[in-house]
Each structure stands twice: as C-alpha cells, then as structure tokens.
Amino acid sequence: MTRVFLLNPPGGEPVRTPLLAFCHLAASLRAAGHEVALHDGCAVHAVKDLDQIAERIRAFAPDLIGLHIKTLHAQEAYAAAKHLAGIAPLCAGGPHATICPAEVLDHGFAYAVRGEGEETL
C-alpha cells in the first residue's frame with residue numbers, strides 16, 4: 001500500500017466546489033488499496049500557507065506527493081514544489097503536466113503524468 005498526498009496548490013483561482021478530478025483520482029487510488037489524503041489549496045477556506053501545508057503533508061508521511069498543475073498557475077505550483085522538495089517524491093499531473101512534461105521535470109518533479117492519472121497511477 002502506498003500513501004499518496006494529493007495537492008491542488010494555492011493560487012489565484014478561488015473555487016467554490018471541490019476539484020472533482022482530485023476526488024475521482026483519490027477514489028481510484030483508494031479502490032486500488034492505497035491510502036490517500038488531499039488538500040485543495042484553492043478552496044475558499046483552505047489553508048494557503050505553504051509552511052502549514054508542508055506540516056500537514058509531513059504528518060501524513062506520504063510515499064508520493066501529487067500536485068495538480070494548470071498552465072495559468074504553473075508558477076504557483078512550482079513554488080509549492082520547491083517548498084515541498086525532500087518530503088517525498090513529487091509527481092506532477094493536470095493539464096500543464098500533460099502538455100509540458102519536460103518542463104515540470106525541470107522544476108523538481110520526479111514524475112509527470114500525462115493524460116488521466118487514474119490510468120497511470
């Protein structure tokens with residue numbers, strides 16, 4: 001069993017509903033027997049401070065950290081990745097990782113998922 005922490009990094013895009021892609025990915029991972037925690041940093045009342053987010057991630061002790069990256073907010077995701085480096089291997093997913101996999105690898109990610117994460121992970 002792998003422990004996976006999924007993070008939608010805090011950014012300039014406030015959302016009022018859960019990131020359904022994360023919920024679906026978490027459900028798929030759990031169905032495959034993995035333990036999953038997630039944090040949507042764009043949610044209205046979510047913790048946005050990267051130190052606090054890193055503390056939560058460390059407390060979960062993941063084997064892998066997955067970050068959802070949208071092209072418009074890639075820089076915020078890269079800042080989060082830099083902050084989280086060393087806790088666990090980083091895996092980039094989402095639209096930006098699909099179209100720019102080499103770029104995300106250049107920003108400290110160990111893995112880039114192209115396409116549907118449910119199929120890859």
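Analyst: The protein has six helices and five strands, where helices (H or I, at least four residues) and strands (E, at least two) are DSSP runs numbered from the N terminus. Along the sequence, these elements follow the pattern β-α-β-α-β-α-β-α-α-β-α. The radius of gyration is 13 Å, close to the 14 Å of the globule rule for 121 residues, so the protein is as compact as a globular protein of that length; the radius is taken over C-alpha atoms, and the rule is 2.2 Å times the number of residues to the power 0.38.

This is a predicted model, in which local features need pLDDT of at least 70 and side-chain atom pairs count only at pLDDT 80 or more, while totals for chains, interfaces and linings use all residues. Residues are numbered from 1 along each chain as its sequence is written, and side-chain values use heavy atoms, with hydrogens and water left out.

Six bridges join β1 (residues 3-8) to β2 in the parallel sense, and Arg3 stands opposite Glu35 in β2.

Helix α1 covers residues 20-31. At 1.5 Å a residue its twelve residues should span 16 Å, and its end C-alpha atoms are 16 Å apart, which agrees; the expected span is 1.5 Å times one less than the number of residues. Its buried residues are Phe22, Leu25, Ala26 and Leu29, buried meaning under 20% relative accessible area, exposed over 50%, and partly exposed in between (1.4 Å probe, protein chains only). Seen down the axis of α1, these buried residues fall within an arc of 100°, so they line one face of the helix; the arc is that of the directions from the helix axis to the C-beta atoms. An α-helix has 3.6 residues a turn, so residues three or four places apart point the same way. The face turned away from the buried side of α1 carries the exposed residues Leu20 and Ala31. Leu25 has 11% relative accessibility, and its C-alpha atom is separated by 6.7 Å from that of Gly117, 92 residues apart along the chain. After α1 comes Gly33, with a positive phi near 95°.

Ile53, Ala54, Ile57 and Phe60 are the buried residues of α2. Down the axis of α2 they fall within an arc of 120°, so they line one face of the helix. Their cover includes β1, β2, β3 and α3, contact being heavy atoms within 4.5 Å. Glu55 and Ala59 are exposed on the other side of α2.

The loop between α2 and β3 holds Ala61. Ala61 has a positive phi of about 55° although it is not a glycine. Most residues other than glycine have a negative phi. The relative accessible area of Ala61 is 45%, which makes it partly exposed.

His73 lies in the loop between β3 and α3. At 16% relative accessibility, His73 counts as buried, and, leaving aside neighbours within four places in sequence, it is in contact with Gly12 and Glu13.

Just after α3, Gly86 takes a positive phi of about 95°.

For the protein as a whole, 42% of the 121 residues count as buried. Among contacts between residues at least 6 apart in sequence, 64% join residues at least 24 apart.

Terms used:
Pairing = 2+ DSSP bridges.
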